[in-house]
Structure formats: C-alpha cells, structure tokens
Amino acid sequence: MLKYTLKRLVNAFVVLFIITTATWFLMQLLPGSPIQNSEKLTPEQEAQVAEQYNLDEPLPVQYALYMSGLLRGDLGDSYQFGGRSVTGIILERLPVSIFLGTQAIIVGLVVGLFLGIVSALKQNSIWDSGAAFLAVLGVSVPDFVLAPLAQYWLGLKLGIFPIAFFESWWHSVLPSLVLATVVAAVIATFTRTEMLEVLGQDYVTLAKAKGLSRLAVVLRHVLRNSMIPLVTIMLPLTAALVTGVLIVETVFSIPGLGEQFVRSIFEKDFPIIMGTTILFSVFFVASYLLQDILYGIIDPRIRVAGNRE
Amino acid sequence: MATVNGEAILSVDDLRISFSTYAGEVQAVRGATFDLRRGETLAIVGESGSGKSVAARSIMRLNPESNTIVRGGEIIFEGEDLLKLSEKRMLDIRGPKIAMVFQDPMTSLDPTMRVGRQIIESLKQHLGMSGRQAAERAAELLELVGIPHAEARLKQYPHQFSGGMRQRVVIAIALACDPQVLIADEPTTALDVTIQAQILELLRELQERLGMSIVLITHDLGVVASTAHRIAVMYGGKIIETGTVREIFYTPQMPYTWGLLASIPLPTADRSQDLIPIPGTPPDATDPPKGCPFAARCPYAMRICEDEVPGYTTFSDEHRAACWLHHQMAPNVERPARITGAK
Ligand SMILES: Nc1ncnc2c1ncn2[C@@H]1O[C@H](COP(=O)(O)OP(=O)(O)OP(=O)(O)O)[C@@H](O)[C@H]1O
Ligand SMILES: [Mg+2]
C-alpha cells in the first residue's frame, strides 16, 4: 500500500510539473504584454517595470526564474495591486470560493442523492419526472445562462435574493444554488442509473429472498453498492464546479478566487494566472488521489488488491 | 432412489405468469402444475427459456414487481395461496419457510459485505438472535456446508472465495433459518464439473440430515439422475411430463423428453455420435403456439398437435405426460433406440 501511494504521489508531481510548464508557455502566447496595455507609461517607465518583473529577460530565463521561485514556494508578485504577493491575494480570496463551492456541493449532494434514490425506487412517479426535469435543466443549461436568469427572476423580479456582492450569508445563497444545480443534476441522474442497475443484481434478489424488508434491502445492499461508482464522478464534478465558480463569481461580482482569475486573464497578470492555475491543478490532482483512497475504503475488492502490492 | 410418497408441502396449480414488456406480453409460464412432497427432491428440467426460473421465483414472489402479471393459478403452501399473501406476510415465508439458491454464485453475494454479515442478517431478522449467537450459528452453518476455518472465513468478502465456495455460502444463507423448502435454481450450472458434483452431493447430504424438500431446477437431465426423486419436464411454460426418475429415464412418453434424454452425454459411448441436440428453437414467449408448445420441433407432430393443447395421459400413480401421441386415434410411434438403450 505504501509503495502504491508513493507511486501515485510521484505521478501527481509529474502531472503538476507538466501543467505548470504548459500553462506558463501558453500564457506567453496571449496577445500583447502586461505592460504594453497601459498607454500612460513612458518607455523608461516600461523598461523599469519590465526589469522589476524580469520581463526583459529571454523566455527560458524567465521560465527558469519562475520555476526556481516555485520550488521555494514563491508564487511571485502580482503585476497589479502595487505588487502584492500572489500567495497573499490567493489566501485572501480563496475562502470565499471555498465557501461557495462547499455550500454548493453539500446542497447538490443532498438534493441529488435524494432525487436519484427516490426516482429509482419510484420509477415513473412524479419524483422521477421531477428529477428528470432537474437533470435536463442542470446538465444542459450552462451556468452563464442560469446565473443571469436566477439574478433576474429570483433577484430583481421577486426580490428574494440580493443579485450581487458578498456582504452576508444571504448573498451567497443564489450563487450557491446556481452552482448546486449542476451538481444535483449530475448526482441525481447518476444515482438513479446506478440504483436501477444495482436493483437488478442477483445479490439484491438474494437479499429479498432472505426475507429482508424493502427498506433493509435498500439501506444495506443497494445504497452502498450504488454509491461506489459515485466516487468516480467526483472528479469531473469537481472540475465542473471549479469552472462554475469562475463564471458564477464573475456574474455575481463575488470577490472570490474565480472572479480574480478571470480578471487577471484580461489584465494579463501572469503571476496570478500561474498561481491560480497551479492551485486548481493541485486541487484536481489531490481529488484524484482522494478518489483512489475513497474507492479503496468503500470497495473491499480494491482494498485487498492494494494491500497485496 | 426410492420415491417419497407423501403429502404435498407445496402445490403449484395451473400457474400463469406474464411480463409486460415493450415487445408485448411475455407469457413465461403458461399453466404449470406440479407439487413438491415432504422430504423429496423434485427436479424441474427444461431448456433455456422454458420458464423454470420464473416459476421458481413466483413461489417466492421475487419476480420484478414493476412488470409481472399473475394471469392465474395458485401456489398452496401451508394451506394458503402464496400469490395472495400480503408482502408483509411474505417476509416471514422467505427465509424461514422457503429459501432459494441461485444460478450464479459469482453474482449472488453482495460484494461489499462480509460473508458473515450476509448470513447473520437473516438470523437476526427471523430468529431475533443477538450478535454473538448469530455469529456462532453462522460459523456452524459454514461448517455444515463444508467450508473449513469458518471463524476466519466469516470475516472475509465474497471475492476471497472461489465459485464453489461461494455457492456453499449461498447455500448456508439459504439454510440459515431452517427452511422447509429449498428452491435451487440451477445451482451448479455456473460451476466446474467436479465442483458441480460436490455441490449436488452436499445438497443430497443436507436433505438427508435436515429433511427439507428441494426443488432442483436444471436444464441438464444428467444432473438429476442421482439427486432427484421425481422429475417434472418443463417446456414452453408448461409441465409436459412428470414422473419418477426411473419412469422418465426408462419409459419417457413425450418426444420432447426423448430429445432431452438423447442430448445427455453418455460417459461410456462415443460422444460425437450420441449427443443429439433437439433441432429448432423453443417457442416465442410473446406469441406462444396455440397447440402443443413442442409441435413445431416435434418429428412426430400431427395436425392436431398444432391446433389443440394435449391433455395429460396418466401412465402410473406418478407418471403423466401431455402428448397427442397417446390419444387412441394416434399412430403408434416407437421411441428412438438411443432412448430405449439409455442406461
Ligand atoms: N422480468 C422479466 N421480464 C420479461 N421477460 C422475462 C422476465 N423474466 C423472464 N422473462 C422471460 O420469460 C421466459 C422464461 O424465462 P426463465 O428465466 O424462466 O427461463 P429458464 O427456464 O429459467 O431458462 P434458463 O435455463 O435460461 O435459466 C424467457 O423468455 C424470458 O426472456
Ligand atoms: Mg433460469
């Protein structure tokens, strides 16, 4: 198990290195440069700024400088905000995004599981249709459509929720709901399919043949077995959520990392783009690892296979 | 093996079960009548698709609720029609009264639950045992079905068992609450030949020790010779011939049974010559024939066979068959030699 974990860790670092490098070079392909955007600077000032941020060095040197900083845990300084450190900005902005994301996941998970389970157990009932409707809505209507719609109807027209900014918990409800829709939709659809699949398995028939009540069969045998594959969609779901956070924070003007990231792209604030990308990547890679570990905990077949290594 | 003459513990009378599907109504069982006597093993034999499993699951009411239609008939157990019992009452039948063993031991056990818990679950539910009592009983059960190191084995997961061992676990689960009737639906089909023999031997031994009545479902007549007391041959959702093992093997009365017997491999003979599969395919359950279900494949079929369902002709106390060849006006047909010569 230790060897296995170590191998996974090494893999993770290789993946992170590749993502970092690729992003760094891709970023250089963005049209324009961070400084040329601002017309107010004199050529001397430009040169001075360029030197301050090492932008006058050849690309390989810039890359080497960045990577060596990274190894020391230094993400560099932002081109805006009077050169504040990227780490500082991320630390300031991250909690808001985490809060939104977590809230969305919890709501999405609870609603999605509930709808998925009920619609599998009561096939073709009103719950089933409701879940199907939500699933279509959540999967096919993108966040950048859903968010303004929610703002307009629930915010402006009905006046239930504030439509922007982040001043109280109440402000976080609407954006979280928008984010949660996708999560709930994906989880509901997935749970329903898995449950129906498991309900048709021989071991479920055997459990019924033991004289267990319907509830006991579902709780002890169906749920656990349908939840195992759920672990495998955690990752794509998390990915969807991160992109969702970028959009939703921008639409709702929420001072989270997502909004900052989108803005830093327009501003060509390279250190922020890099820092955020690296953070997102670490997040993905970590959820991959977590997924493997979770899988092992829920599914004894894998646990044992891992132990043998 | 001696015939067990005794009262019926389970009587299935004119059972008709259909499923509604997109392709139409699948008439899986179309009037099956048989009974199971106390302490006997009744083998239900027939080709794939003849309705054996559906009939068996009907007894336990385990066919999918969503699309099963009970078209008629009754299943009498302890004076009550199982088809009419409430779902709640059925919970007390399944397990302690009637238990079932399924075809594929690789998929019959919950892969995420320790084997011990899967046995204990039943004990707690029906016998109200405490955790410790149940664990002890579970270990006893594993030993009973021939699994050594029971204590340790209880803590393992199904994937740590071989196919044969898993089927023993499934049998242990079935036996947990001392059922009066055990329905084994092709319990050895998915296993190697040597393991098959072991499992059949185990069932026979258990029956002697515990005195259960067993319904043994199989598509392989070879399996039943040494295991069953009586045989019911099923085809196209009907029981077309039934009798003692002796009668079915030595004096079969219906061409379908002849065909089944001819397709048993003989260990002594040259196999390539002896194995004669029945030509043709079983009838379509969505559009079953109106006469004898076997007419389309029967080399001796007469006009009437296609038009009318034959009634039963009785040959002995136990032996009867549904075939027009036994009508007084039918021509005399000799059984093929391969059958008469069969051991
Ligand atoms: N739930 C169901 N829905 C629709 N049709 C079904 C269902 N269960 C069984 N059938 C159909 O009923 C017929 C009888 O099936 P059954 O499983 O009883 O056959 P069997 O005699 O057990 O065959 P095998 O040897 O393959 O197990 C088949 O045509 C099958 O397709
Ligand atoms: Mg079957």
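## Handedness of a Helix Crossing

A crossing of two helices is called left-handed if the near helix is turned anticlockwise from the far one by less than a right angle, and right-handed if it is turned clockwise. In this predicted model, the crossing of H4(A) and H10(A) is right-handed.

## Overall Build of Chain A

Chain A contains 13 helices and zero strands. Read from the N terminus, its elements run α-α-α-α-α-α-α-α-α-α-α-α-α. The C-alpha trace of chain A spans about 85 × 60 × 30 Å along its principal axes.

## Helix H4 against Helix H10

Two packed helices are described by the angle between their axes and the distance between the axes. Helix H4 of chain A covers residues 86-121, and helix H10 of chain A covers residues 230-251. These two helices pack at an angle of about 130°, and their axes lie 10 Å apart. H4(A) is therefore oblique to H10(A).

Which residues of H4(A) and H10(A) meet? On the side of H4(A) they are A:Ser97, A:Leu100, A:Gly101, A:Ala104, A:Ile105 and A:Leu113. Their partners in H10(A) are A:Leu230, A:Leu241, A:Val245 and A:Glu249.

## Helix H6 against Helix H10

H10(A) also packs with helix H6 of chain A, which covers residues 143-157. Here the angle is about 35°, and the axes are 9 Å apart. The crossing of H6(A) with H10(A) is right-handed.

From H6(A), the contact involves A:Asp143, A:Phe144, A:Ala147, A:Pro148 and A:Gln151. H10(A) contributes A:Gly244, A:Ile247, A:Val248 and A:Val251. Among the residues of the contact between H6(A) and H10(A), six are nonpolar, two are polar and one is charged.

## The Interface of Chains A and B

How many residues of each chain take part in the contact between chain B and chain A? Chain B supplies 26 residues, and chain A supplies 21. About 2,100 Å² of area is buried between the two chains, and carbon and sulfur atoms give 59% of this area.

Three salt bridges are found across the interface of chain B and chain A.

How values were computed:
Residues numbered from 1 in each chain as written. Chains lettered and ligands numbered in written order. Predicted model: local features only at pLDDT ≥ 70, side-chain atom pairs only at ≥ 80, totals over all residues. Heavy atoms only, no water. Axes fitted to C-alpha atoms, helices over the stretch in contact; angles between N-to-C directions. Helix = DSSP H or I, 4+ residues; strand = E, 2+ residues; numbered from the N terminus. Parallel < 35°, antiparallel > 145°, perpendicular 65-115°, else oblique. Contact = heavy atoms within 4.5 Å. Nonpolar A, V, L, I, M, F, W, Y, C, P; charged D, E, K, R; others polar. Buried area = accessible area lost by both parts, 1.4 Å probe. Salt bridge = Lys/Arg side-chain N within 4 Å of Asp/Glu carboxyl O.
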